[in-house]
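Let's walk through this model piece by piece. Keep the 3D view open and follow along.

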Amino acid sequence: PAPALTAVVDIDVPGPTISRHLYGHFAEHLGRCIYDGFWVGEDSEIENIGGIRADVVEALRSIAIPNLRWPGGCFADEYHWTDGVGPRDERPRMVNTHWGDVEENNHFGTHEFMALCELLDAEPYISGNVGSGTVKETSDWVEYLTRAGDSPMARRRAENGRREPWSVKFFGVGNEPWGCGGNLTAQQFSTLARQHATYARNHGENSLYRIAAGGSEDDYVWTEVLMKQLTRGLQDPSPSDLYQAISFHCYTMSGSWMDKGSATEFSEEEYWTTLARAERVGEILAGHVAVMDAYDPAKKVGLALDEWGTWWNVEPGTNPGFLHQQNTLRDALVAAVHFDAFHAHADRLRLANIAQTVNVLQSMLLTDGRRLILTPTYHVFAMSVGHHDARRLPVNPVRAGAVHEADGREVSTVKVSASTKDGTVTITAANLDPTSSAVVELHLRGGDSGVITGAQVLTSADPRDHNTAEDLDRVAPVPFEGAVWDGGLLRLDLPAASFVSLQLSA
Ligand code: AHR
């Protein structure tokens, strides 16, 4: 057997708080995410709460969904919010040109989305339209959502059934402005973004956290232009009034944009390529952070990775514009790799949204008529709830440990993250190796040895394994017996291709 890997966890050196918003989600008017996913309508035979699927709400509450980004994505830049308020049967229709060229009936609009967020107990993250919208639309939408008392938009909201304003925390300005959001240069977008943010006002007590749409993957130049143009920089000690964060997007696939690879049929080489590409997110985060540090060393401006996840060829026989894909144990491990990188950058990364919550891309949930399928990725989110708003603990590798070369890089095959909150230490560990188990010995330094109060493992015989309506629990967490105290060290026996979550009392 391979020798044990060793690491020290400094229990007495708590680092930055891992915001629960790093475990955020994204729901776009795309394929079967909103319609059929979240929204079935009040007359549906599927159990619903005012048209919203009850089982979806329950499943997402179980993973403590912290925020939900809506209505896009590319869709956001052709969405005119006024089309989605008022009596449903009178709402104008439109063509969803990005996603399947299908007709959108606007039955799911602002009131439905805000009701969904209330049911989920999640913060709404509204994505405003810069590509084809006006500054007035942005201004009116924010007023409609958040202004109390008597004003044109507050009256209109009340006429549509909601007297009290909602609380809206996150407001995004634009989406992929370099592409589907207008084909703009960073300079052009900055000018528009300044205008939109100016009129996305704080009404009453509501204080918006404005997020400027950022670049793609490692486009650090875009980030630099936004830092210069949208945040005030070193001379101003207060956080920028206009923007509180800048975003970027980063997807994972084993192939190319033309042929991304299959979600379920992949070779061992494609498996490793995928994990190697997922590992890139840590380097890309570090690149954006370096640029931001140059302009904002106090880290007042946040970074938001508001679209990430695997993107595969669509399931055979489904509409290519609907981005419907299965989700295997490999996807779950991709999520684990991301979370490790997110924790490492918790002092700058304030928000992240996996794409997308139901039936689209790397989803948490798949719906099949009445049936609801929890994906392996869902389970990694569930097993990581202990990290929400917990203080990160340093994990110092004593020996660098196992690495695997793939896609021109070295992938470290064992990941360990630790955090502490309310007297509980949460440790998550992943073994990416699909064929060999791994042993990790952890020295929990600087604190009393904890009693293991919870231990789960997610694994399966084959990384291609996934859940279906006929086999709901093929990949599901089970109690983990492989954690033992051994001579003062916490020894973890990690099966091949596995994710483990432990809770210890401090
Ligand atoms: O998540 C699917 C699409 O990916 C989004 O609409 C867009 O922002 C990105 O290109």
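**A hairpin, a barrel and a sheet**

Start at the hairpin of β19 and β20: two residues sit between its strands, and D407 takes a positive phi near 50°. Strand β19 (residues 403–406) and strand β20 (residues 409–412) run antiparallel and are joined by four bridges, with A406 standing opposite R409 in β20. A word on terms: strands (E, at least two residues) and helices (H or I, at least four residues) are DSSP runs, numbered from the N terminus, and two strands pair if DSSP finds at least two bridges between them.

Before going further, note that this is a predicted model, where local features need pLDDT of at least 70, side-chain atom pairs count only at pLDDT 80 or more, and totals for chains, interfaces and linings use all residues. Residues are numbered from 1 along each chain as its sequence is written.

Now for the barrel. Eight strands make it, closed and with parallel pairing, in the order β3-β6-β9-β10-β11-β12-β13-β14. On average, neighbouring strands of this sheet are turned by 30° against each other, direction ignored; axes here are lines fitted to C-alpha atoms, for helices over the stretch in contact, and angles run from 0 to 180 degrees between N-to-C directions. Helix α5 (residues 186–199) packs on the sheet, where it touches β9 (123–128), β10 (170–173) and β11 (209–216), and its direction makes about 150° with that of β10. Contact means that the C-beta atoms of two residues, placed from the backbone, lie within 7 Å. One place to look is A304, whose bridge partner in β14 is L351.

Which residues are around the ligand? They are E28, G72, G73, C74, N175, E176, E307, A355, Q356 and L361, counting a residue as near if its C-beta atom, placed from the backbone, lies within 6 Å of the molecule. By class, this shell has three nonpolar, four polar and three charged residues. Here Ala, Val, Leu, Ile, Met, Phe, Trp, Tyr, Cys and Pro count as nonpolar, Asp, Glu, Lys and Arg as charged, and the others, Gly among them, as polar.

Back to α5, which has a helix partner. Its axis and that of helix α3 (residues 135–146) come within 8 Å and cross at roughly 30°. That makes α3 roughly parallel to α5, a label for angles under 35 degrees. The crossing of the two is right-handed, meaning that the near helix is turned clockwise from the far one by less than a right angle. On the α3 side V135, T138 and S139 take part, meeting Q195, H196 and Y199 in α5. Sorted by class, that contact has two nonpolar, four polar and no charged residues.

Another helix pair is α8 (residues 329–344) and α9 (residues 376–383), packed at an angle of about 35° with their axes 7 Å apart. This crossing is right-handed too. L329, D331, A332, A335 and A336 of α8 make the contact with P376, T377, H379 and V380 of α9, giving six nonpolar, two polar and one charged residues by class.

Finally, find the open sheet, five strands in the order β18-β1-β23-β27-β26 with mixed pairing. Its edge strands, β18 (395–397) and β26 (483–486), each pair on one side only. Within it, six bridges join strand β1 (residues 5–10) to strand β23 (residues 438–445), and the two run parallel; L5 has V440 of β23 as its bridge partner.

How values were computed: Parallel < 35°, antiparallel > 145°, perpendicular 65-115°, else oblique.
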